[in-house]
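Here is a short report on one protein chain. Look over the sequence and the fold, then read on.

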Amino acid sequence: MVRLNEVRPGEVAVAAPAADDAGLTFIGRIRTPWASRLECPRQGREDGPTCRIEIFEPWVAGLDGIAAYERLEVLYWLHESRRDLVRQSPRSDGETRGVFALRTPVRPNPIGTQIVRLLAVEGATLLVRGLDCLDGTPLLDIKPERTGFTPLAPPQPGDFQVGDPA
């Protein structure tokens with residue numbers, strides 16, 4: 001169960017250094033049925049509710065060609081997440097892990113990522129399934145899902161090729 005701003009036994013919070021602006025721009029807003037973190041699912045599901053991704057001007061032209069992809073990777077800013085825990089106990093089992101070993105929304109830079117199924121493009125709005133964020137979540141970026149993406153440019157020296165050793 002999600003608990004608001006709780007520090008569980010064994011978890012470690014730190015004082016974050018002053019912000020060093022990375023110059024991020026919110027390119028849109030995500031509309032979901034969840035108004036609170038207590039209602040929001042931990043992971044999106046492809047059979048979940050239809051959600052809307054609204055793109056702001058001047059970024060709408062960036063949607064050109066997106067309908068060719070069935071699955072998209074959506075990156076968003078988890079604006080209601082705390083940012084100070086470096087060790088967490090997500091299952092309240094008394095064991096803690098470092099934040100970078102977890103898919104928790106509580107992170108130094110609370111960037112969420114989710115693979116979604118694109119249902120439709122309606123002007124500046126994408127209808128999708130599979131999101132796991134609050135209504136009103138700021139949108140950072142959208143990309144074709146990497147496993148279904150074929151680069152348009154010809155291969156370059158040093159590019160990974162299928163069959164190359166890992």
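## Strand pairing

Two strands count as paired if DSSP finds at least two bridges between them. In this predicted model, β4 and β9 are joined by five bridges and run antiparallel. Within β9, P144 stands opposite L72.

## The barrel

Six strands close into a barrel. Their order is β2-β3-β8-β7-β4-β9, with antiparallel pairing. On average, neighbouring strands of this sheet are turned by 45° against each other, direction ignored. Strands of a sheet pair through backbone hydrogen bonds.

## The nonpolar core

The largest nonpolar core holds 22 residues. I53, L126 and L131 have the most contacts inside this core. Five strands each supply at least two of the core residues: β3 (50-55), β4 (71-77), β7 (111-122), β8 (125-129) and β9 (137-144). In soluble globular proteins, nonpolar side chains tend to be buried together.

What does L131 touch, leaving aside residues up to four places away in sequence? The partners are I30, T32, W34, P41, G44, C51, I53, V74, Y76, Q114 and V116.

## P41 in its loop

P41 sits in the loop between β2 (28-31) and β3. Is P41 buried or partly exposed? Its relative accessible area is 27%. Buried means under 20% and exposed means over 50%, so P41 is partly exposed.

Not counting residues up to four places away in sequence, P41 touches W34, L131 and D132. P41 and C133 are 92 residues apart in sequence. In space, their C-alpha atoms are 7.7 Å apart.

Methods: Residues numbered from 1 in each chain as written. Predicted model: local features only at pLDDT ≥ 70, side-chain atom pairs only at ≥ 80, totals over all residues. Heavy atoms only, no water. Core = buried A, V, L, I, M, F, W, Y, C linked by side-chain atoms within 4.5 Å. Buried < 20%, exposed > 50% of the residue type's maximum accessible area, 1.4 Å probe, protein only. Helix = DSSP H or I, 4+ residues; strand = E, 2+ residues; numbered from the N terminus. Contact = heavy atoms within 4.5 Å. Axes fitted to C-alpha atoms, helices over the stretch in contact; angles between N-to-C directions.
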